[in-house]
Amino acid sequence: MENLSGIIRGIHHVTAGVEGAQEDVDFFATIVGQRLVKQTVLMDGDVPIYHFYYGNQKAEIGTIMTSFPFKQSGVYGRRGSGQISITGFTVPEGSLDFWKNRFEQKNVEHGEIEERFGQKRLSFFHPCGLGFELVEDPNDQREAYISEEISEEYAVKGFHSVTMSIREVDEQMRFFTGPMGFRLTGQDGQYYQLEINEGGAAKTINFKHEPDLPQGSWINGAGIVHHVAFAVADDEEMNKVRHFIEGLGYTDISEIKDRHYFHSCYVRSPGGILCEFSTSDIGLAIDESIEDLGSTLLLPPWKLDEKEEIFDYLEPVVNPQIQKINK
């Protein structure tokens, strides 16, 4: 096997730490207009922490932004290099003026419309400081979630890309264009664009070369992206990935972990960004129907004995898309 381009299908999900739970739900489910498709909890550690999943109408892989609200536990990250600095979503062509006006009306910090790699884009920021951008992409045909305030002609489709802040380009480039199977498709100043398979939405990553930016923290905490996950088909493919990566000397790759809705393993790339590989054959509908996704707080089987304690600890959250309290 030369590289993993035939196995890695693109971005699976992106996971970040945020502050308040309701603040996060309101930001993604109301302002950005993603569908809240899963309410569960962080599966590691003893302190109950929400784990929210947001996606498109069908909760497709390649659309799922996930977050851990850390306000109650008080865990904060330090932004810097070695992290994902921008998470990009696609929107229809000609929609950025709508989004700029919307962000102004909703008091969301944002930048100006600009163009990079031939695509118009608009940066904006989560209340906890996380960086995002909307990228116009007429080729993305995924079904967006439609709300009363955001119609189909403007709605977010899913991921476009992630931008990785790195101090040194060479080793990170070798990792992604070597074993990972991406190809370099453009450079624009300090930005490098890489794509896998056919490229485009959810099959693109960017490097931002920032040699003077101090190293950010690698913890799981509020204000930083913890990891980007890349999609593989199933456990068989996951084992191929794991053994291939390990055989090239990346021996700190983790064991395969059960995340209930998928199986995962993790490796830290040379530039510092944590990369996950996640299976695509289980899905979010194993414990609630597609129609009811995100309607209530659900726990993995191994935490059901702690249900009462967990529910008592977590702040109640209202899903504005169904106006139903999760407890």
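This note sets out numbered points on the predicted model above.

1. Basis of the values. Residues are numbered from 1 along each chain as its sequence is written. Because the model is predicted, local features need pLDDT of at least 70 and side-chain atom pairs count only at pLDDT 80 or more, while totals for chains, interfaces and linings use all residues, and side-chain values use heavy atoms, with hydrogens and water left out.

2. Cysteines. The structure contains zero disulfides, a disulfide being a pair of cysteine sulfur atoms within 2.5 Å. For C265, the closest cysteine sulfur belongs to C275 and lies 11 Å away, too far for a bond. C265 is buried, at a relative accessible area of 0%, and C128 is buried as well, at 10%. Here buried means under 20% relative accessible area, exposed over 50%, and partly exposed in between (1.4 Å probe, protein chains only).

3. Residue R9. This residue is located in the segment before β1 (11-18); strands (E, at least two residues) and helices (H or I, at least four) are DSSP runs numbered from the N terminus. R9 counts as partly exposed, with 47% relative accessibility. Leaving aside neighbours within four places in sequence, R9 has contacts with N197, K203, A231 and A233, where contact means heavy atoms within 4.5 Å. From R9 to V169 the C-alpha to C-alpha distance is 24 Å, across 160 residues of sequence.

4. Backbone at F117 and A202. F117, a residue other than glycine, has a positive phi near 55° and sits in the loop between β6 (114-116) and β7 (119-125). A202 is likewise not a glycine and has a positive phi of about 65°. The loop that holds A202 runs between β11 (191-195) and β12 (204-209), and A202 is buried, with a relative accessible area of 7%.

5. Largest pocket. The largest pocket holds about 320 Å³ of space. Of its 23 lining residues, S85, I86, F125, G131 and K208 are the closest to the centre. Two or more lining residues come from each of β5 (83-91), β6, β7 and β8 (131-136), and β5 gives the largest share, four residues. By class, the lining has nine nonpolar, eight polar and six charged residues. On a 1 Å grid over the protein atoms alone, a pocket is an open set of points where a 1.4 Å probe fits, with protein on both sides within 12 Å along at least five of seven lines; lining residues have an atom within 4 Å of a point. The volume is the space filled by probe spheres set on the points.

Note on methods: Ala, Val, Leu, Ile, Met, Phe, Trp, Tyr, Cys and Pro count as nonpolar, Asp, Glu, Lys and Arg as charged, and the others, Gly among them, as polar.
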